[in-house]
Amino acid sequence: MAIKFGRPIELRDTPHRDTAAAPSLDLTTRMRRNRKSEWARRLVRENVLTTDDLIWPLFVVDGSNLRAPIASMPGVDRLSVDQCVRDAERAMKLDIPCIALFPYTEPSLRDETGSEALNANNLVCQSVRAIKREFPDLGILCDVALDPFTSHGHDGLLQDGRILNDETVAILVQQALVQAEAGCDIIAPSDMMDGRVAAIRAGLDRGGFGDVQIMAYAAKYASAFYGPFRDAIGSAKTLTGDKRTYQMDSANSDEALREVELDIAEGADMVMVKPGLPYLDIVRRVKDTFAMPTFAYQVSGEYAMIAGAINNGWLDRDRTIMESLVAFKRAGADGVLTYFAPQAAEKLKAGR
Ligand SMILES: NCc1[nH]cc(CCC(=O)O)c1CC(=O)O
Ligand SMILES: [Mg+2]
């Protein structure tokens, strides 16, 4: 008997037969064959989520040694600067490449024009400096928009019930410069004013920040799913009206391509679609059309829905989180901003 690798070839070549289930349908193709075991599923898996795909948004609040829960985002806290540094350390340990910072501004510091946004020592700038001091290799993304700083909760200047575009852009350029000065790596304009990417790019370049990247919230929809975020930054109660004159209509899709095209032409290095899961069709169109580094934001309301159901025992925690995140990869996203970043990274690092 011929011996190869220690086993009789005749035996090795005997096909495995499941005699108990002799097929009665005459099918050439049976899709289930490739799903028969974990190793076989791994072999044909088309998309994978890794820790490299994650951006973790954090909320900063004044104080020290403080972690203040946010009622509508169970499991997410507002962090004082020192605690923000601790979570930055956690991000480093979990191989999360980048965090995003959002401030809760004291009501007394909010005004009509959002002037605190330009304070080089505001909470965001303090956090960037503190984190960069300890963890220079962690990427930091800062949002550019005025809503955490304005008394009326809008992203731009409000005059006679209208949001001024060009006047707002001039302020956003200053805000971007203040954040770049603090050490921010990625400027992420989330305001949806027209022309802001070009203006910010020019401002950064003039200021000597040619290496600072821009991730444009290019296709950002006027969404009910931002509710918990507005609780977190304290703009929910003060917001007058809604943001439908500058954020996109959720019924539109072609318009997203025009928005993205403009932001790319204006110098965006990366583009974002927001919200996430309800807009995966937009992610796919954007990726297919422009082949740009494309990100999606799984926003606060999406987090609240999933976390709420998990906490009620209605959905399995790990499986739901991982399924929701790989969906972004399947849709063509290169990465996801998600409040589940640490949970997902822990799960990924633990392996299967
Ligand atoms: N312009 C600010 C901004 N940046 C990110 C979000 C939402 C993020 C989330 O819901 O998690 C918002 C809220 C808004 O536009 O009202
Ligand atoms: Mg635009």
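The points that follow take up the ligand site and then the open pocket.

1. Please bear in mind throughout that this is a predicted model, and that the distances and areas below are computed from it.

2. The shell around ligand 1 is made up of 18 residues, of which the closest are Lys-220, Lys-243, Lys-274, Ser-300 and Tyr-339. Sorted by class, this shell holds 8 nonpolar, 3 polar and 7 charged residues.

3. Several side chains place a polar atom beside ligand 1: Lys-220 lies 2.6 Å from an oxygen atom of the ligand, while an N or O atom in the side chain of Ser-190 is 2.9 Å from a nitrogen atom of the ligand, and a polar side-chain atom of Asp-143 is 3.3 Å from a ligand nitrogen atom. Of the 400 Å² that ligand 1 exposes when taken alone, the protein buries 100%.

4. The largest pocket has a volume of about 790 Å³, and it is lined by 17 residues, with Arg-45, Asn-47, Leu-49, Met-322 and Val-326 the closest to its centre. By class, the lining of this pocket comprises 5 nonpolar, 3 polar and 9 charged residues.

5. Which helix gives the most to the lining of the largest pocket? At least two lining residues come from each of α2 (38–44), α11 (317–330) and α12 (341–350), and α11 gives the most, with 4 residues.

Terms used. Residues numbered from 1 in each chain as written. Chains lettered and ligands numbered in written order. Predicted model: local features only at pLDDT ≥ 70, side-chain atom pairs only at ≥ 80, totals over all residues. Heavy atoms only, no water. Near = heavy atom within 4 Å. Polar contact = N/O pair within 3.5 Å; in protein donor to acceptor, adjacent residues only side chain to side chain. Areas by Shrake-Rupley, 256 points an atom, 1.4 Å probe, with all protein chains shown as cover. Nonpolar A, V, L, I, M, F, W, Y, C, P; charged D, E, K, R; others polar. 1 Å grid on protein atoms, 1.4 Å probe; cavity = no way out; pocket = protein on both sides within 12 Å on 5 of 7 lines; lining within 4 Å. Points joined across faces, edges and corners; volume = space filled by probe spheres on them.
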